[in-house]
Each structure stands twice: as structure tokens, then as C-alpha cells.
Amino acid sequence: MNASSATVSRTLVGRVLWYLPVGLIVLFFAFPLIWMVMTALKQPVDVFSSPPKFVFAPTLDNYKRVLSSDYMGTVGNSIVVAVVSAAFSIVLGTLTAYGFSRYTLRGQDNLLFWILSLRMLPVIAVIFPYFLLFQRIGLTDTLLALMLVYSIFNISFTVWLLKGFFDEVPREMEEAAKMDGYGPWGVFQRVALPLVVPGIATAAVFNIVQSVNEFLLAFVLTQREATTAPVALLNFLTPLGLDWGGISAASTMLVLPVAVFAVLVRKHLIRGMSFGQLE
Amino acid sequence: MTQVRLENVRVAYDGREVVRDASFTVESGELAVLVGRSGSGKTSLLRAITGYAPMTGGRVVVGGTDVTGQPPAKRDIAMVFQSYALYPHMTVDENWRFPLEAAKVPKAEQDARVTRVAETLQMRRLLNRYPRELSGGQQQRVAIGRALVRQPQIFLLDEPLGALDAKLRVEARSAFKSLQRDLGTTTLYVTHDQAEAQALGSKIVVLDGGVVQQVGSPDEIYDDPANTFVAGLFGSPPMNFLPATLERDGEAVVARSGPLAVALPAVVGQKVLAAGVADQVTLGVRPETISRGAEPGPGRAVGRVYVTEPIGHNVLVDVRLGQELVRMRGHRDDDLLARLAPDDEILVAVDPARVLVFDRGSGARLG
């Protein structure tokens, strides 16, 4: 056996040894997702078959049923609320985080802790105050109410995440930009902001997932018009039992846009998680 | 053209004064080097010129205009940072255009300037690279280029070669010196490296403890240091310092250190006496002013070789002279020096005309 084929076989063995466990781990974590997608394509008979079927005659009946219901409207609500709230949180959160990172404020630590504390209460503790508040100002069952409430949670997270990112931008780089003739806004926009794009992408994904997932607040604060998808999934709980095929198809359609967004920004996400190698 | 004048500049951080009463002038077109150890306040002083340091007193005058209160962006100063501070999300080309865009330089003029700088720094083929794709030396040139394209009134450089390896540093040093001469831009260059300061500067400003110790040409700083700090900072190997007592011998003044007695030149003797300080002084003797004596006499003494170190075409010989260890530098071709072994006896001869006398307490130069 010559040397080059030995290398090939060695790298082949190496690859198998690497990808086999990686594949198993991915399969383990992705299994619920795979199961969901599969269930969405199953006939009711196949859903409960035991042992579980991995090979079956796929059907689009579940998707047809979901598309003909008013569920898609609630997916639209979910996406609008999630995107607007994420955008608002990121604009406000980025500016706030930059301020905390670059300027010294009196009571800075207390302020930062206060912002963090917005996330500390369990949602259940604030549901009724929110409900009463929105009822008083006539915002129950509106998308605006959900956007506002979600933004409170999202801003808190965004500020903390992005402050870390801004702290990593060397001060000398900003000083250089000032000497190059830029004012505070120019320095922020042309130097600091582009360098924290990974952080912004990370914040956007987390914010959107958070809002799309949220059930409790949406359940209490909406009735009909502003219902979001997680709440609407309850409709698949019929007097005749759970419509697993329908729920799976509905969930898949809710997961899809979020997944697409995450894939679009994945390059930044990876950099966002391995930050610190700015040089 | 533009002169930079510092008048009694004081800088303090949180009440701790790091620069005290610094005054000096960089003449128009001059390359001045600010040298000091780390923590001497040289970066703070530089930041006072850029406008980033909290000045508690004094004035910074650029081209006849007092810029003391002005924000950094208004001062028309370009700086090369030790860390380079390149914008990592911009290519070399974009890094260079960045200050030009701020100044609203027309596109055609931007192109012309970027091309010219790329030519000067031999970076034409690297214009579309990102800083992370460049070597340390190339990044350093990008940093200098970003300062060059602006055609500023003043250049400031904070240890710009500090991150390069020794060989590259020497090359970059001479390249920068000739570049600065061609451009004729007033330049203040900060370094902790005395050799770099000597090699580059037409004027050297020595800073220690936040106080300007001496301002002068490289030769003045070397031959005529103001105190023991400056004397010890410059020269490699550094100057020998010997504790000595002064004795009057008629008109002459003799400095005695262990077995060595040096009759000071009349002028020096007068100055030392005029200073009227105690008899306890420190003699400063550069290694190259010590030689091997042929026969005993004044200014000569017998010592024992402690160790010899050949360095290229020179040889360093450490000699035990009484209580003191004295280092002399001689030519390798001097066979007797080169063949010395530890514990050999050697007759050391000091050139009295080149002995410096310092106050032992304050370190100030007496003569």
C-alpha cells in the first residue's frame, strides 16, 4: 500500500470518527423537530401506530386542513408582532447598550441591574397587571399591546447582550475615527455599529424566537383579532381529541419562517458566538 | 508649515498628575522623538496634543493657533496608534478613504491620493484586502497610510514599530525616516527605545516621571546629558556610574573612585566647584571612552577582568575596579582585549576629557 492511499484511508477513518458522533448528537437534538415534520405528513392511522412508522404513505391532508382554517392569519400576527418588537428592541437596545458601554453615567450599575430585573419576574406575576392596564387604555386584543409587552422583555436582553459586544470594540479605534474627522454619530454608525453586527443578528434571532414562542401573555391579552399562532394551536384540541396531524402541520409552518431567518443570518450568528477575535 | 508648541502642559487622571509642566517645541517639518520608559507619561503627553487627555494646565499651540480646548476632530492631526486601530470591517482602500470622506474630499481627489499613498508604501496590490488578511508589517503600513492620505498638519506616532520583530523594525525605521523627510510634515514620534530615538530624531525629548528631562539633538543628548537619567537611558551598553569623592589638588580638582583618580579638566573642575555641592559625586564614564592603558599614570588603575563578551566586531569587558564593576568596549581587532580571560589583570585608562560629573543626590549634571 503506498503512502497516499494510507493517508486517504486515515483521513476517511478520521472523518467517520468525527461525523458519526456529531451526526448522532444532531439527530438526538433534532429528533422532536423531525418527528413533528413527519407527523404533519401522516394519515391519522399512522400517527398512533405502534411501533412508530418511519416509512409511510405521505399525505398533504393536514396542511390542506390547516391552510383552509383561520390559522394562517394567526401566524401572520405572530410574525408581525415578533418582527416589529424585535426591530424596536434592537434600535432602542443598541443605542442604550452603546451609551452604557461608552459613557459613564451616575448610578450606571443600578440602571443596568434594573434593566436586567425586567426579565426576572415570572410572566405569570405580571399578567394581570398588564391585562388591567391594557383594558384601561383599550389595547386588549391588539397587536400593539403584544408588541409593547414583548419589547420590554426583548430590550432588556438586547441591552445586556450588545453592551458586551460594544465593550469589545477597542476605544483606540473610536479615537482614530474621531481624529479622522467623525463626530459621535459618525463614529457610532461607521465604526462601532458595523463591528457589532454579529451581536445584532444574535439578538434578532433570540428576540424573534422569544416572541413567536410566547404563549401565556398572548393567551390572556388577546381574544380574537390579535390571537397569535401558539394560542391558535389550542384550536386543534377538539372535543373529538387532539388533532396531532393538524398541530404538527401548523407548528411546522410557524417554525419555518423563523428557521429561514436563522439560516439567513447564520454567518453572523457563528461569529456572534465566538466573539472576541476582532483583530 | 506647522510648528507644535507645548507650554507648561499638565495632565492629571483622577487627581494623579502624570505630566508636569511639559514644555517643548517641534519645529515645522521636524521629526522629533519623545522617548521615555513605560509609565513616564509620554502617551499622556501625546494624548494632550490630540485632545484626548484631561489637561489641567498649560497650552498646546499648533501652527500659531491655541488648540487647547478644541475637540480632536478639529485639530487636523493624524495619528498612528501602537495597536494600529485599523477598521477591521473595511478594506485597505476603505480604511484610507475613511478620513477623506469625513473631510468631503471629492471622489477624483480621493482616488488620486489613495493611489499616491499606495505607490509610496508599495501597497497597490493589497488595496482590496482586509486588515486581518495582512501581515503585521503590512498592517503597520496601512496605519501609516491612513495618516498620510489626510495630508495633515501634524503626524503623531505612538510606538508604531513596537509590534514588529527586530529586523523588520530596523527596516521600517529607516523607511519611515526617509518618508518623513520627503513629506516634510511636522512629526512627533513616541518610543521607549533609545536606539530608535537616536536613529530617527533630529530632536529628542526625554521624559521621565511626567517631567521633561532634556530636549536636544541626538548628539547633545548623548554627549551632554542633563542628568544621570538621560545619561543612563542612552547608549548601549549603558554608561558606567562610579561613586567618587572630590579632592582639591592645588588648582586642579581630582575625582577619586576606589583605585581610580581622574584629574578633571579645568573647565569641568571650575563648574563642579561653582555648583558648591558636597564632595560626594557620581562619575559617568561611557564604555567606549575607557581603554587599556600602556603604563600606569593619572586616570589609570589596575583592575581584574570579571567577564568578557564578544559582540560582533566589538568586545565588552567587565572589569572589577575596587568595589565597582566597570564595563569597557573595545575593538575585537585589539588582540590583547580579545584574548583576555577572567581574573587577568588589566590596566584601565579613562579619558578625563570625556568624564561627566553628576550630583550624587539629585543626579543633576555638574560638569
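This is a predicted model: local features need pLDDT of at least 70, side-chain atom pairs count only at pLDDT 80 or more; totals for chains, interfaces and linings use all residues.
Residues are numbered from 1 along each chain as its sequence is written, chains are lettered from A and ligands numbered from 1 in the order in which they are written, and side-chain values use heavy atoms, with hydrogens and water left out.

Residues 16-38 of chain A are 100% helix and 0% strand, and their end C-alpha atoms lie 27 Å apart.

Chain A is assigned domain 1 (3-40) and domain 2 (61-273), with bounds from an automatic or database domain assignment. The C-alpha centres of these two domains are separated by 33 Å. Four residues of domain 1 of chain A meet nine residues of domain 2 of chain A, contact being heavy atoms within 4.5 Å. Together the two domains of chain A bury about 490 Å², 70% of it from carbon and sulfur atoms (buried area is the accessible area, with a 1.4 Å probe, that two parts lose on being put together, summed over both). On the domain 1 side, M36(A), T39(A) and A40(A) lose the most area, together 86% of what that side buries. Zero salt bridges are found across this interface (a side-chain nitrogen of Lys or Arg within 4 Å of a carboxyl oxygen of Asp or Glu).

Turning to chain B, the assignment gives domain 1 (4-233) and domain 2 (240-359), whose C-alpha centres lie 39 Å apart. Seven residues from domain 1 of chain B and five from domain 2 of chain B make up the contact. The buried area here is about 600 Å², 59% of it on carbon and sulfur atoms, and Y222(B), T228(B) and A231(B) supply 70% of the domain 1 share, more than any other three residues. Between these domains of chain B the count of salt bridges is zero. Two residue pairs are in polar contact, both at pLDDT 80 or more (a pair of N or O atoms within 3.5 Å; within protein, one must be able to donate a hydrogen and the other to accept it, and residues adjacent in sequence count only if both atoms are side-chain atoms).

The interface between the chains takes 23 residues from chain B and 17 residues from chain A. Chains B and A bury about 1800 Å² between them, with 57% given by carbon and sulfur atoms. In chain B, Y52(B), H89(B) and F98(B) lose the most area to chain A, together 27% of what that side buries. Four salt bridges are counted between the chains; R146(B) pairs in this way with D180(A), the closest N and O atoms being 3.8 Å apart. Eleven residue pairs are in polar contact between chain B and chain A, both residues at pLDDT 80 or more. Helix 1 (42-50), strand 6 (77-80) and helix 2 (92-102) of chain B each supply at least two residues of the side that touches chain A, and helix 2 of chain B gives the most, four residues.
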